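Colleague: I would like to learn how to read a structure feature by feature. Please take one at a time and keep to plain terms.

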Amino acid sequence: MAAQYQVTGDSAAEISASIESAVLRGDWAAGSALPSVRALAGELRVSPATVAKAYQDLRQRGVIETQGRRGTRVRSRPAVAMLRADLAPPVPAGVRDLSSGEPDVRLLPPLGPSLAAVAAETGPPQGYASAVTMPELIDAARPRLLAEGVPVAGAAIAVTAGALDSIERLLTAHLRPGDAVAIEDPGWGGLIDLLAALGLRPVPVAVDAEGMDPEALDAALRSGGRAVVITVRAQNPTGAAVSEPRAARLRDLLGAHPGVLVIEDDHAAELADRPPHCIGPVTGSWAFVRSASKPFGPDLRIAVLAGDETTVARVVGRMRVGMGWVSTVTQRLLLRLWRDREVTELVAEAARAYAARREDLRSALLAQGVPAFGETGINVWVPVPDELRAVSSLRDRGYGVAPGSLFRIRSAPGIRITVSTLSAEEIPFLAEAVAASVRTDGLALPMR
């Protein structure tokens, strides 16, 4: 414990707030040891149970962790203090920003007409009792998912406030702090931060162009993994998409682990230019999450969650004592967007545009002798020998890209290039800049 900082408080809430404030201010560095429960209780003149409750709250929020004989320490990456996204180097003014991972706002469908129509048809204000998950939205979601091969014929369906909200609710419905979760490596930085905040232990699983490596996933499950999160397509950051043969292999593997929670993330949804190949339902607990934010815009924070009855019931039950429901205005807006043929075509045009930009960049890079990954989605992943050198060199050449360290746990270095706003004219110059930035004797690195 930092000698200059003294914990204060008479209750568990006050003690945890005091410690968390110190971590946020930097008074305690990552890895700093906290006093034992009994020692701090004696110093504050409170019961050991009060301090134990404060420590439990801090562990659940990802501020501290217990490391056996090493005691209780500030997390090496405290989720409340610094998210992975906060570690990204800022893109200087005048530099082309290809680091965001966001869709091109110019290709998003306009929401104004649909919002106006929703406002006109909503009628008089409704009370709390009538504000629920809309049966019409569920009825529309089921055939949409079935049409793409998502096995939801007998599944329960709910609505949440986005993909990460769904994943958080699913994990907390089944797991407890300290449980292990198999995740893709490289993978979504937001999920890595979420696991830290929940006190869950990430188990990195190698990923290639077809998705999770089956042998690596098998090892993760045999080591005690209680859940697995799989991106079915447009994986962030690599653009990987689970192929039909890979889905079959993963299905066979997971069948031997019936107690594992399987979460399938379809965050790109209609923007992905190939159908999803689902793995579940193959274990006792399974969920498929489809977000609306990528195809229709970040302001539409809503996702459809399908899964086994028990899992979905746990999620819905927990929502009732918290946020309650997703705004019915948002639900009506999504339903209208789904039914609008013009919007459907605009989203399809955006998906085609992203696919063309992605493939053009990969081809241009390959012509320069630079291998790159990106089967679907809006990102291209380029393995590099030295991330810092590649990012700095590209920035000096006028391009801002995301360092792979934001997405990696154990996997090899790389950079993520977001293609969503690229023009055809820019691509040859960008490919030349990337090649010049990463060209060394050991260029051709595998993704895993």
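Colleague: In which strand is the place of Thr160?

Modeller: First, the ground rules. This is a predicted model, where local features need pLDDT of at least 70, side-chain atom pairs count only at pLDDT 80 or more, and totals for chains, interfaces and linings use all residues. Residues are numbered from 1 along each chain as its sequence is written, and side-chain values use heavy atoms, with hydrogens and water left out. Helices (H or I, at least four residues) and strands (E, at least two) are DSSP runs, numbered from the N terminus. Thr160 belongs to strand E4, residues 156-160.

Colleague: Is Thr160 buried or exposed?

Modeller: Buried means under 20% relative accessible area, exposed over 50%, and partly exposed in between, with a 1.4 Å probe and protein chains only. Thr160 has 0% relative accessibility, so it counts as buried. Of the 448 residues of the chain, 53% count as buried.

Colleague: Which residues does Thr160 touch?

Modeller: A contact means heavy atoms within 4.5 Å. Leaving out residues up to four places away in sequence, Thr160 touches Asp165, Ser166, Arg301, Ile302, Ala303, Leu305, Val315, Met319 and Val326. For the chain, take the contacts with a separation of 6 or more: residues 24 or more positions apart account for 72% of them.

Colleague: What does Gly297 touch, not counting residues up to four places away in sequence?

Modeller: Gly297 touches Leu108 and Ala292 on that count. Gly297 and Leu108 are 189 residues apart in sequence, yet their C-alpha atoms are 6.2 Å apart in space. Gly297 sits in the loop between helix H10 (293-296) and strand E11 (303-307), and Gly297 is buried, with a relative accessible area of 5%.

Colleague: How many aromatic pairs does a search of the whole structure find?

Modeller: A pair of aromatic rings is described by the distance of the centres and the angle of the planes. Rings of Phe, Tyr and Trp (its six-membered ring) pair if their centres lie within 6.5 Å; planes under 30 degrees apart count as stacked, over 60 as edge-to-face and the rest as tilted. The search finds one pair. Trp381 and Phe407 form an edge-to-face pair, 6.4 Å centre to centre and with 80° between the planes. Trp381 lies in strand E12 (residues 379-383) and Phe407 in the loop between strand E14 (402-403) and strand E15 (414-418), so the pair ties together parts that are 26 residues apart in sequence. Trp381 and Phe407 are buried.

Colleague: Which peptide bond has omega near 5°?

Modeller: Most residues other than glycine have a negative phi, and most peptide bonds are trans. The bond from Asp185 to Pro186 is cis, with omega near 5°. Pro186 is in the loop between strand E5 (180-185) and helix H7 (189-198). The bond from Gly280 to Pro281 is also cis, with omega near -5°. Pro281 is in the loop between strand E9 (261-266) and strand E10 (285-291).

Colleague: Where does Ala234 lie?

Modeller: Ala234 lies in the loop between strand E8 (225-231) and helix H9 (244-254). Ala234 is not a glycine, but has a positive phi of about 55°. Ala234 counts as buried at 5% relative accessibility. Ala269, in the loop between E9 and E10, is not a glycine either and has a positive phi of about 50°. Ala269 counts as buried, at 0% relative accessibility.
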